[in-house]
Amino acid sequence: MALSQRSCVLLLVFVAAVCIELYQAQNVLGRCSCPSTIKFIRGNMSDFQVLERRPGCDKTELVITLIRSENSTEKICMNTDGRMAKAFLKCWERINKDESRKMECIDRKRKAEDRTSED
């Protein structure tokens with residue numbers, strides 16, 4: 001039994017809609033991305049990600065990417081109540097959540113660490 005061209009188009013649209021819903025459902029499973037957090041991170045940061053409140057997670061999360069030995073990376077969740085995380089979030093707001101300016105926040109953190117180690 002051959003499907004008409006219209007039926008094929010409708011079937012494709014339906015399958016695409018189901019795939020999109022399934023893909024989005026992976027991001028909203030009723031859980032936050034950070035099951036555990038730490039207050040302070042020492043090390044060479046390469047990136048960070050701010051996950052705003054969303055369905056399934058009622059808190060803002062901060063995920064820091066650290067460069068480890070042999071150029072491997074590790075993602076660590078920071079407790080947003082800590083002083084360092086608050087400074088990152090404040091910087092994130094100051095740069096208007098501009099992804100291209102993230103390094104300004106990372107550099108600011110590095111300068112603060114250098115001042116602390118000099119004392």
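Trainee: Which cysteine does a disulfide join to C91?

Mentor: This is a predicted model, where local features need pLDDT of at least 70 and side-chain atom pairs count only at pLDDT 80 or more, while totals for chains, interfaces and linings use all residues. Residues are numbered from 1 along each chain as its sequence is written, and side-chain values use heavy atoms, leaving out hydrogens and water. A disulfide is a pair of cysteine sulfur atoms within 2.5 Å. At an S to S distance of 2.0 Å, the partner of C91 is C105.

Trainee: How many residues apart are C91 and C105?

Mentor: Helices (H or I, at least four residues) and strands (E, at least two) are DSSP runs, numbered from the N terminus. C91 sits in helix α2 (residues 83-94) and C105 in helix α3 (residues 102-118). The pair links distant parts of the chain, and the separation is 14 residues.

Trainee: Is C32 buried or partly exposed?

Mentor: Buried means under 20% relative accessible area, exposed over 50%, and partly exposed in between (1.4 Å probe, protein chains only). The disulfide partner of C32 is C57, and C57 is buried at 2%. C32 has a relative accessible area of 28%, so C32 is partly exposed.

Trainee: Is the disulfide of C34 and C77 left-handed or right-handed?

Mentor: The S to S distance between C34 and C77 is 2.1 Å. The torsion about their S-S bond is about -75 degrees, so the disulfide is left-handed.

Trainee: What is the pairing of the bonded cysteines in sequence order?

Mentor: The count comes to three disulfides. With the bonded cysteines of the chain numbered in sequence order, the pairing is 1-3, 2-4, 5-6.
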